[in-house]
Amino acid sequence: MTRRPRWFAVGKEPSSRARITLGLLSFLLPLGIWALVSYVPWIWHPLVRVSVPGTVEWFKPDLLVEHAVFNEENAKAVAAGGTAATGTPANPIFLPAPHAVGRALWTAFATPPILRDELWLHQSLWLSIRTIFWGFALSSLIGVPLGILCGAYPPVARLTEPVVDFVRYMPAPAFGALAVAVLGIYGAPKIAVIFLGTFFQQVLVIANTVRRHDPALIEAAQTLGAGPRQLLLRVIVPSCLIDLYNDQRILLGWAWTYLIVAEVVGISSGITFFINQQAKYRNFDNVYAAIIIIGVIGLVTDQGLAFIGRRIFPWQVRRSSRLRAFLALLGRKGGQGV
Amino acid sequence: MSAPTQAQDYLRQAPAVAERFRRLKERPVVLEVRDLTRSFPTAAGKEVTALRNLAFAAHRREFTCIIGPSGCGKSTLIRLLAGLDEPTSGEVLLDGKPVSGPCPDRGMVFQGYTLFPWLTVKRNVMFGLQMAGMEKGQAEAEALQWLELVGLIKFKDAYPAQLSGGMKQRVAIARALAPNPRVLLMDEPFGALDAQTRSQMQHHLLEIWRNVDVTILFITHDLDEAIYLADRILVLKAHPGEVQELIEVPVPRPRHPAQTNSPEFLAVRRRLEELIHPRLEETVEKLPIVRLTKAGDDVE
């Protein structure tokens, strides 16, 4: 009898096929729960959608009312000699069904703006991406070099980190009003909020990464004649490069979390404006679609950067990547098909 | 314990051996250590002396092994020689001039593999040359020569992570030798290798040394390794680290693994064991005898 290898054990990586299955499940399970709640009429569905109003005066087709109210009004109508209304169980409007959101992923882009000076969804998204880009780029432009200096030279760290640590605890949105006063109401204060939210974390994260450099490599380089400048630029920085790159990926995710608070500063704009506006019109399927789009942009950017990272750091010890394993599996399947 | 007369066997040198060491000592002194002392402050506010009044000299193209029990300051010594640490007193002279700070005229091979993981094998070897301001094309040509010498030309474009431990140390040797150092300092370079790779590396190192004008100081705790490699073995004793004896190894060159059983080899080995192992017995803490089995004494 052959023993089947255990796939569930502490610290044991499952096979690549199992990893892909688990990766898909991690999306499909929440989607499944959502579908259950949406499509199975006896799960949740606290409301009734009126189909035929009967003789209840204020009922209209497609009106959503609570079960208790529905039954009460029907009882009254029957007692008065009229006909009862009919209806189907329904969920509240803030929980659209998956297919409605799926449809909205397309229609949200195709729907023209209601007011003349409002933007299409893709224009709003582009505005948001630009805000993130500039906030993150400006933060990195100063934060990365400063973090590297802090990590490499303890005196710089002693001078910089206490105040950075202090400011880090101040929530970036708290500076929103100030940013508007200084920078106006359009794009600049939004970029400033993203900058403030990213920069202070960035300095500390980068400094910590650089501080973890291997001192043995420094000594080796010194015995090979490297001077102070060369130690920094030819040894410390390259030795941390992969970690710095991955830090930047994580920090970029951080910048995205500041987007929503940044975009309500001054005149609301970008994807936040779109979301708020759609919520106002009670198009919750569009709201969900917009939120999902943000998630997709984040995931695609991150995996894209991870992919680029593997290309530009050829010395990196290869770890299995989800995306690559997935593509490899698709490739294998395709190959078998042919 | 061997009788004193037996232990002194290694001192009786055949005329050819005596002649070899006379010629060796006629060669100019490359590295000289004078009265070297290094003490470290401890957390308790006291001072621990790692090395005390150490003195010796290495002649041009001499192969010196430094051996001693753990805690004798072997690594402290080599770090002082490399300039990675400053002595409390005394000085290190290279070609008669006192040294301070690290410099490529004293190349170093570390116990851990300190290759730069982001550089290819070739680029690792080029590193020292480029630090010295050599133009890239020339540095590359020289690096390739050194890789030829250590037999790794096929791996010039590989990254260190793709190499075995022995290959990494060969690259490290090539990298240290490339800037033409006067002295090559080696701190237990083969300590992390398995026995077989280790003896291959010892063989490689002697080959490389024969082809390069370099003086080698080699730290080890392996007695056989020291005898197999060295012209002279500097035996240190611990607490504080001091020179205990300077042994002239009579085993003829070129060395060969079969010599491990030759009388000269065994005589030196006996002497080293005497010098190092009794101290071990003195310093090893006696463990209490705790019986955890009821079985009889059927296992010896």
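Let me begin with a charge and a ring in chain B: B:R175 lies over the face of B:F116, at 4.7 Å from the ring centre. A charge is taken to sit over a ring if NZ of Lys or CZ of Arg is within 6 Å of the ring centre and within 35 degrees of the ring normal.

A word on the basis of these values. The model is predicted, so local features need pLDDT of at least 70 and side-chain atom pairs count only at pLDDT 80 or more, whereas totals for chains, interfaces and linings use all residues. Residues are numbered from 1 along each chain as its sequence is written, chains are lettered from A and ligands numbered from 1 in the order in which they are written, and side-chain values use heavy atoms, with hydrogens and water left out.

I turn to pairs of aromatic rings. Such a pair is described by the distance of the centres and the angle of the planes. Rings of Phe, Tyr and Trp (its six-membered ring) pair if their centres lie within 6.5 Å; planes under 30 degrees apart count as stacked, over 60 as edge-to-face and the rest as tilted. By this rule there are 13 aromatic pairs over all chains. In one of them, A:W58 and A:F59 have ring centres 4.8 Å apart and planes at 80°, so the pair is edge-to-face. For accessibility, buried means under 20% relative accessible area, exposed over 50%, and partly exposed in between, with a 1.4 Å probe and protein chains only. A:W58 is partly exposed at 43% relative accessibility, while A:F59, at 3%, is buried.

Next comes the pair A:F195 and A:F199: the ring centres are 5.2 Å apart and the planes lie at 10°, so this pair is stacked. Both residues belong to helix α7 (residues 187-211) of chain A, four residues apart, about one turn of the helix. Helices (H or I, at least four residues) and strands (E, at least two) are DSSP runs, numbered from the N terminus. A:F195 and A:F199 are both buried. In chain B, ring pairs link B:F63, B:F190, B:W209 and B:F218 into a cluster.

Helix α7 of chain A also holds A:Q201. This glutamine counts as buried, at 13% relative accessibility. Which residues does A:Q201 contact, leaving aside its neighbours within four places in sequence? They are A:R168, A:L251 and A:W254, where contact means heavy atoms within 4.5 Å.

My next topic is a helix pair in chain A. The axes of helix α4 (residues 121-152) and helix α5 (residues 154-168) come within 5 Å and cross at roughly 120°. Axes are lines fitted to C-alpha atoms, for helices over the stretch in contact, and angles run from 0 to 180 degrees between N-to-C directions. Angles under 35 degrees count as roughly parallel, over 145 as roughly antiparallel, 65 to 115 as roughly perpendicular and the rest as oblique. The helices α4(A) and α5(A) are therefore oblique to each other. On the α4(A) side, A:L146, A:L149, A:C150 and A:A152 meet A:P154, A:V156, A:A157, A:T160 and A:E161 of α5(A). The residues of this contact divide into seven nonpolar, one polar and one charged. Here Ala, Val, Leu, Ile, Met, Phe, Trp, Tyr, Cys and Pro count as nonpolar, Asp, Glu, Lys and Arg as charged, and the others, Gly among them, as polar.

Helix α4 of chain A also contains A:L121. Is A:L121 buried or exposed? At 1% relative accessibility, A:L121 is buried. Residues up to four places away in sequence not counted, A:L121 touches A:A108, A:F109, A:I271, A:F274 and A:I293. A:L121 and A:F273 are 152 residues apart in sequence, with 9.9 Å between their C-alpha atoms.

In chain B, helix α3 (residues 74-82) is mostly covered, seven of its nine residues being buried. Among the buried residues of α3(B) are B:L77, B:I78, B:L80 and B:L81. Just after α3(B), B:G83 takes a positive phi of about 85°.

Finally, some backbone details. B:D95 is not a glycine, yet has a positive phi of about 50°; it lies in the loop between β4 (89-94) and β5 (97-98) of chain B. In chain A, A:R282 has a phi near 60°, again positive in a residue other than glycine, and is partly exposed at 49%. Lastly, the peptide bond from B:R253 to B:P254 is cis, with omega near -5°, and B:P254 is found in the loop between β10 (242-248) and α9 of chain B.
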